[in-house]
Amino acid sequence: MSHRSFVWLCLLPLAVVTAAFFLLPMARLVVTGAEGPQGIAGYLAILTEPRYRATLINTVVLAAVTTIVTLVVATIAGMFLQRHRFPGRAVLIAMLTFPLAFPGVVIGFLIILLAGRQGLIGDWSNRLFGEKLVFAYSIYGLFVGYLYFSIPRVILTIMAAVQKLDVGLEEAARSLGASPWAVQRDVVLPALAPAFVASGAIAFATAMGAFGTAFTLATNIDVLPMLIYTEFTLAANFSTSAALSVGLGIITWFILALARSFSGSTVAAAG
Amino acid sequence: MSASAGHGAAVRIEACGKTFADGTRALEPATLDISSGETLVLLGPSGCGKTTMLRIIAGLELPDAGGKVLFDGKDMTSVPIERRNVGMVFQSYALFPNMSVSDNIGYGLKIRGVPDKERAARVAELVALTNISGLENRRIDQLSGGQRQRVALARAVAIRPGILLLDEPLTALDAALRDRLRGELNRLLRALGITTIYVTHDQAEAMELGDRIVVMQKGKIAQIGSPREIYFTPQSRFVAEFIGAANIIESPLENGHLVLPGGRQAIGGDANMPAAVAMIRPETIRVIEAGSAPLSGIIDSVSFIGDRQRLVVSGASNRLLTVDAPNTVQANAGERVGLLISPDAVRLLPPED
Ligand SMILES: Nc1ncnc2c1ncn2[C@@H]1O[C@H](COP(=O)(O)OP(=O)(O)OP(=O)(O)O)[C@@H](O)[C@H]1O
Ligand SMILES: [Mg+2]
């Protein structure tokens with residue numbers, strides 16, 4: 001067997017899986033999206049129909065804010081955890097990564113315990129200000145849930161990247177007069193850029209598509225996965241839910257590609 | 001010291017020891033004065049504390065309590081490195097991968113808020129000085145090892161530091177390039193007149209570059225002196241053996257003579273001890289006719305090195321004796337030869353421990 005045909009043979013399982021689980025259902029989805037009463041214009045409805053458009057914007061903003069806040073929190077925490085040794089460090093890392101195993105339902109449950117009608121925050125705010133603060137059943141609850149969901153993942157990636165940082169670079173920058181802030185700006189953050197993009201992409205995609213948490217919190221939160229669900233099960237509107245699904249996929253894919261090409265240039269520059 | 005000396009800072013290290021958090025005693029309390037414009041080399045085997053001492057001077061490590069670092073008489077012990085105005089060249093070079101060559105060189109100036117035009121002029125000056133013209137816009141991963149070394153040096157010097165600290169800057173390079181860069185570095189350091197502290201474990205580098213050499217052993221200063229002093233008058237067996245080749249002879253003493261299996265060898269000065277540890281450099285031993293010599297032995301082996309030949313002689317001393325003879329001397333293994341050593345070339349060392 002020539003080397004070439006061997007490589008082709010190895011590609012066969014990939015080709016089968018791609019066709020069976022990816023290409024065929026995707027093609028069907030795309031076709032279904034255009035089979036509604038409006039035909040192919042059904043796709044346009046995602047943008048023209050005010051309710052759909054608002055939901056779409058809501059989802060993207062929520063995912064973007066989740067990603068940014070996650071990156072900020074996880075970078076600071078990950079850097080600290082990787083660089084400092086203190087009693088209880090191992091326990092803290094284990095605790096932070098514990099939620100990795102939880103499905104969205106459990107995350108939603110935790111949010112309700114925290115900020116629901118009988119939640120801790122409501123309890124305290126009631127005692128302190130005489131008013132119950134409840135936000136679990138809204139997009140804010142969902143936001144906290146997504147943070148809870150993505151921070152552990154991102155922290156692990158950042159910690160691995162921080163470990164690989166060359167401390168010599170930071171020392172060199174300092175010897176040249178750079179303040180701690182300047183060292184972060186000019187040396188550390190550029191070196192972490194690839195990790196930001198990789199882990200940020202996961203956080204973003206998760207926040208765009210996660211369903212379990214939203215579903216546990218409330219059925220009327222305006223995010224795309226919920227919209228797809230209600231169109232699909234309650235309204236039996238197959239074509240619209242298919243069109244929305246395709247739209248969700250394309251938008252997420254497009255934003256991730258954008259981030260990757262942007263980081264591609266900085267990664268190349270970082271050698 | 002070079003003619004342009006004077007803008008370098010004088011450094012004083014006072015009782016600086018270093019014990020790391022895990023209990024490793026990397027440096028015994030040491031006191032050291034480095035005058036303005038001087039090039040001081042820290043020399044010693046791996047793990048003897050050279051880098052630790054350099055990092056204490058740089059401000060990257062804090063000395064143990066009681067230790068002090070002074071620049072021009074000012075106590076700098078608690079001043080962080082970013083405010084010490086020291087230039088540093090790291091063994092790994094530590095060039096910023098996300099910046100071009102000229103951005104690397106200009107980084108310290110940018111941090112100091114030097115205007116673009118002035119900065120560009122200074123960068124151009126250093127590019128010319130370090131011979132890297134044409135590479136200004138390259139990325140760091142597009143440079144060879146020797147080029148990286150020059151960029152690292154240019155970057156450290158760009159900020160006009162009072163003190164330049166170099167940690168084995170040539171170790172990562174191959175031998176031929178290392179020799180060439182060593183000469184270049186030497187001229188550059190003398191021209192700049194910055195106080196320089198240079199860490200190496202290569203004695204040839206130390207000899208060529210150092211105004212003075214500090215030989216270190218297991219966290220202690222073994223000897224401080226000019227390259228000549230260190231070479232000709234080592235104060236311990238460790239220094240004698242670490243610098244250059246040395247024959248170490250342990251022998252009884254009798255009337256100012258070492259009593260050896262192959263004869264007697266006069267020593268300089270008078271030593272009233274029953275026994276001595278002596279050092280004789282291989283190149284101070286002359287090969288003569290066996291008959292007339294006070295000391296003789298049998299040639300074990302001859303290796304021709306080019307500019308000289310190295311003989312190993314047995315039977316003269318209680319151990320094999322290494323002799324560097326001119327390449328014109330006829331010598332064959334198995335022959336008996338006489339060895340002529342000037343009494344001044346025999347250096348008595350303090351008995352070990
Ligand atoms: N951060 C640290 N923690 C604990 N021990 C350390 C630390 N840094 C260095 N040491 C130890 O201190 C001793 C001196 O180290 P140092 O780096 O100063 O040696 P060196 O002379 O520069 O050696 P080399 O020529 O190999 O670079 C070594 O035994 C080393 O293992
Ligand atoms: Mg070292």
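Which residue stands opposite Leu166(B) in S8(B)? I looked this up to open the notebook, and the residue is Tyr198(B).

**Entry 1: conventions.** I noted that the model is predicted, that local features need pLDDT of at least 70, that side-chain atom pairs count only at pLDDT 80 or more, and that totals for chains, interfaces and linings use all residues. Residues are numbered from 1 along each chain as its sequence is written, chains are lettered from A and ligands numbered from 1 in the order in which they are written, and side-chain values use heavy atoms, with hydrogens and water left out.

**Entry 2: confidence.** I recorded an ipTM of 0.84 and a pTM of 0.81 for the model. The pLDDT is the predictor's confidence in each residue, from 0 to 100. For chain B I found an average pLDDT of 90, with 97% of the residues at 70 or above. Residues 1-6 of chain B have a pLDDT below 50. Beyond near neighbours in sequence, this stretch has 16 contacts in the model, where contact means heavy atoms within 4.5 Å.

**Entry 3: chain A.** I found 12 helices and 0 strands in chain A. Helices (H or I, at least four residues) and strands (E, at least two) are DSSP runs, numbered from the N terminus. The C-alpha atoms of chain A fill a box of roughly 75 × 70 × 35 Å along the principal axes.

I then examined one helix pair. Helix H5 (residues 104-115) of chain A packs against helix H7 (residues 139-164) of chain A at about 125 degrees, and their axes are 9 Å apart. Axes are lines fitted to C-alpha atoms, for helices over the stretch in contact, and angles run from 0 to 180 degrees between N-to-C directions. H5(A) and H7(A) are therefore oblique to each other; angles under 35 degrees count as roughly parallel, over 145 as roughly antiparallel, 65 to 115 as roughly perpendicular and the rest as oblique. From H5(A), Gly104(A), Ile107(A), Leu110(A) and Ile111(A) meet residues of H7(A) that include Tyr148(A) and Phe149(A). The contact residues comprise 6 nonpolar, 3 polar and no charged (Ala, Val, Leu, Ile, Met, Phe, Trp, Tyr, Cys and Pro count as nonpolar, Asp, Glu, Lys and Arg as charged, and the others, Gly among them, as polar).

**Entry 4: the sheets of chain B.** I traced an open sheet of 4 strands in chain B, ordered S2-S1-S4-S5 with antiparallel pairing; two strands pair if DSSP finds at least two bridges between them. Strands S2 (25-34) and S5 (74-75) of chain B stand at the edges with a single partner strand each, so one side of each is left without a neighbour in the sheet. Strand S1 (residues 11-19) of chain B is joined to S2(B) by 6 bridges, and Lys18(B) has Leu27(B) as its bridge partner in S2(B). Helix H1 (residues 50-58) of chain B lies across S1, S2 and S4 of chain B, at about 120 degrees to S1(B).

I traced another open sheet in chain B, of 6 strands in the order S6-S7-S8-S3-S9-S10, with mixed pairing. From one strand to the next, the twist averages 15 degrees. Strands S7 (residues 163-167) and S8 (residues 195-200) of chain B pair in the parallel sense over 5 bridges.

**Entry 5: a hairpin.** I found that S12(B) and S13(B) form a hairpin with 2 residues between them. Their pairing is antiparallel over 4 bridges, and Leu260(B) has Gly263(B) as its bridge partner.
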